[in-house]
Amino acid sequence: EAAEKAGAANPRGGGRLGGTLAVPDADEVRRAMERCRVPGVGLALLHGGELVAVEAYGAAADGVPLTPATPFQTGSLSKHVTALGVLRLADDGVLDLDADVNTYLTSWRVPGGAGEQPVTLRQLLGHRSGLSSTPGNGFHPAAAAPALLDLLRGTADPEVPPVTRGAVPGSAFRKANAHYVVVQQALEDATGEPFAALMRRLVLDPLGMRDSSFAQDFPDHAGQPVALGHDAEGRVLDGGWRVRPDAAAAGLWSTPADLAKVALEVRRSALGRPLALLREDTAAQLLAAAPDSLYGLGTVVDVTGADTEFGHGGTPTGYHGVSLAALRSGTGLVVLTNGDGGEQVVKAVAAAAQTD
């Protein structure tokens, strides 16, 4: 979970977005990849609220070229997409963001006695529920991964106890995958749908995200090779990736082009454009940053410049990625890498893409 928190802390690859972005020099990107021992990089650029470029550099795995349609594991970027699905259910009246989440939970309940302040979906999405942590590094694909309820009940890892109350709900900001584990269970209990299928119905299919999935067997059914994760020395991970039963927190497989569609949809909704997935006032809640965290609902939000910038980062084992977009100008970029050294590559690519 520590790596995920670091990846989520700052979605920017270095510096604020400029007025325009351009495809960076390929040789400069490859030099950064070589320097950081990262075998593959995917890039999508936005300008004026449109997807204007999609690029792929390097390899998905040894001898397998990366393509614009190659899926990466995105880690905490999953939270950003999950929040979009939760807010769609709120718009439909299925969920109330400010109700006690135990209203929706049936398989497991947030512990606590009578009179204790309830935990809400809004607090969970904003990392303010005060709940304790769950295992956060994923599981080898050849091993039997625990179920989501194992994470909540403390039966997934003998060194990690059950999820319990810690801080008073709403009193403090603390990034933790456990918040989204509870969200995932609440969505499944409230709708009766498996999480991956629910997110496909609510977000992935409506946005045409054909190369994305929250299903943890997706690499076996993607119809193409996925980008394998690599360690800091550039060696492929044993097993290639990690299985994430906490899919809402860190289990999304996606591409830069598909994640660019998410950024464009958030912008479309926030600007009140026709046919948006969210109501304008609901999207405003997504982007309402708390003063002590610059975090809205599943979204890092930077309001310190002339334009509001929003997005998320993700650092699952063997990968690093960032999505960032500017609300009014529609400028943005998504960079995904398949290496533990990807943070510095993302910064180099973002800097090289700046034209002013």
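This passage looks at helix H3 and the parts of the structure packed around it. The model is a predicted one, in which local features need pLDDT of at least 70 and side-chain atom pairs count only at pLDDT 80 or more, while totals for chains, interfaces and linings use all residues. Residues are numbered from 1 along each chain as its sequence is written, and side-chain values use heavy atoms, with hydrogens and water left out.

Helix H3 covers residues 77–91; helices here are DSSP runs (H or I, at least four residues) numbered from the N terminus. One partner is helix H10 (residues 256–270), whose axis comes within 11 Å of the H3 axis and crosses it at roughly 45°. Axes are lines fitted to C-alpha atoms, for helices over the stretch in contact, with angles running from 0 to 180 degrees between N-to-C directions. H3 and H10 are therefore oblique to each other, the word for angles left over once under 35 degrees is called roughly parallel, over 145 roughly antiparallel and 65 to 115 roughly perpendicular. The crossing of H3 and H10 is left-handed, that is, the near helix is turned anticlockwise from the far one by less than a right angle. On the H3 side, Leu77, His80, Val81 and Leu84 are in contact with Leu259, Val262 and Val266 of H10 (contact means heavy atoms within 4.5 Å). Sorted by class, the residues here are six nonpolar, one polar and no charged. Ala, Val, Leu, Ile, Met, Phe, Trp, Tyr, Cys and Pro count as nonpolar, Asp, Glu, Lys and Arg as charged, and the others, Gly among them, as polar.

Helix H6 (residues 177–191) packs on H3 at an angle of about 35°, the axes being 11 Å apart. The H3–H6 crossing is left-handed. Lys79, Thr82, Val86 and Leu89 of H3 meet Asn177, Tyr180, Val183, Leu187 and Thr191 of H6, a set with five nonpolar, three polar and one charged residues.

With helix H7 (residues 195–204), the H3 axis comes within 9 Å and the crossing is roughly 75°, which makes H3 roughly perpendicular to H7. Residues in this contact include Gly85 and Arg88 of H3 and Phe195 and Met199 of H7. The H3–H7 contact divides into nine nonpolar, two polar and two charged residues.

Asp91 also sits in H3. Asp91 is buried, with a relative accessible area of 17% (buried means under 20%, exposed over 50%, partly exposed in between, using a 1.4 Å probe and protein chains only). Leaving aside residues up to four places away in sequence, Asp91 touches Leu277, Leu278, Arg279 and Thr282.

Terms used:
Helix = DSSP H or I, 4+ residues; strand = E, 2+ residues; numbered from the N terminus.
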